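Look at the structure first, then read on.

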Amino acid sequence: MPKKIEVATTLDTFKDILAERYDTLSNRLKQVADFISEEPMVVAFETMSVISVKAGVPISTLSRFANTFGFDGFSKMQLLFSDQYFHKPRDYKERIKRARQEGSMQVDSIQGIFESLGDSNIRAMEDVLVGISPSKLEDAIKLLANARTIYVQGARRAYPVASYLSYMLIKEDLNVVLLDGPGGMSSPMLKQMKDSDVLLITTFKPHAQESISAIERADKVGAKIVAITDHQMSEYGRKADICFEIVENDVLGFRSLTCAMFIAQTLAVGLML
C-alpha cells in the first residue's frame, strides 16, 4: 500500500516538508524548489505561465512539482503562498511591478546610493514581515529558552549579527558561547556541544568553513539548530530545526544585514518575555 503523502496546510509546513524531501527530487523539481524559495511573492501572485518562464521550467513541471507534494494541481499549492501574502496592508502586486523596473534608479551619486540602499532595505524588511510567521518565531524562542547552552555563530559578513546576539543573550543571564574563534579555539569550543544545546547561527552562501563545521557538529551530536540564512533548501539550511529564510537585497554588490539583524533582535527580545 503506497505511503500517504502529507499535504501541507501552511506555508511554514510546506517549506519544512520541501526541505526534508529536497534530496529525493529530480534536478528539474529542485529547480522549482529553489525558485519558489527565492521568489515567494512571484509564486503568490503570478500566473503559471509567468512562473514557468521565470523559473526556467515547462508548465507541466510546475504541475508535477505540486502533485509530488500531494496537491491537486499547482493552483492548490499556490494558495499557501497567496494566503500568506494577500491579506497584508501593502500592495505586493505593485511591488512586483516596481521590482521589474529595478535598475532605473541612479546610484552614481551619494544621494542615489542613499536612496537605493534605503529602498532596498525597506522592501527586504517588508518581505520578512510577511514571509515569517509568528509561530516560527515562538518555536525558536522556546528552543533557545530550554537550551543548556546557546552556541552563537556567524562568520565574515554574518559576524556582526552573531556578536550582537551574543551580547543581548548574555545580558539576559543565559549560558551563551560565541564561536568567534580567537586564538583558534573554535574547534575545542565546538567539542563541548551536547544534544541539550542549541546552535543559533547566521550564515549565507557561500558558507564559511567555520559555519559549516558548527552546523555539522550540531547535527552530529543532536543539538538543535536555529538558522538565519538565505536559502532553506541549501544543504546546510535543510539541517536546521528552525530556519528563518531571508533574502537580503544588495546595491552595487553590497548586501545588507538589515533583515538578519531584525530577526536576531526579535529572538533576543522575545526571550525576555
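## A helix across the strands

Helix α10 (residues 159–171) lies across β1, β2 and β3. Its direction runs at about 155° to β1. Helices (H or I, at least four residues) and strands (E, at least two) are DSSP runs, numbered from the N terminus. Axes are lines fitted to C-alpha atoms, for helices over the stretch in contact, and angles run from 0 to 180 degrees between N-to-C directions.

This is a predicted model: local features need pLDDT of at least 70, side-chain atom pairs count only at pLDDT 80 or more, and totals for chains, interfaces and linings use all residues. Residues are numbered from 1 along each chain as its sequence is written, and side-chain values use heavy atoms, with hydrogens and water left out.

## The sheet

Five strands form an open sheet, ordered β2-β1-β3-β4-β5, with parallel pairing. Two strands pair if DSSP finds at least two bridges between them. The edge strands, β2 (176–178) and β5 (242–245), each pair on one side only.

Strand β1 (residues 150–154) pairs with β2 over three bridges. I150 stands opposite V176 in β2. Helix α9 (residues 134–145) packs on the sheet and touches β1, β3 (198–203), β4 (224–229) and β5. Contact means heavy atoms within 4.5 Å.

The axes of helix α8 (residues 110–131) and helix α13 (residues 258–270) come within 9 Å and cross at roughly 40°. The contact uses N121, A124, M125, V128 and L129 of α8. From α13 come T258, C259, F262 and I263.
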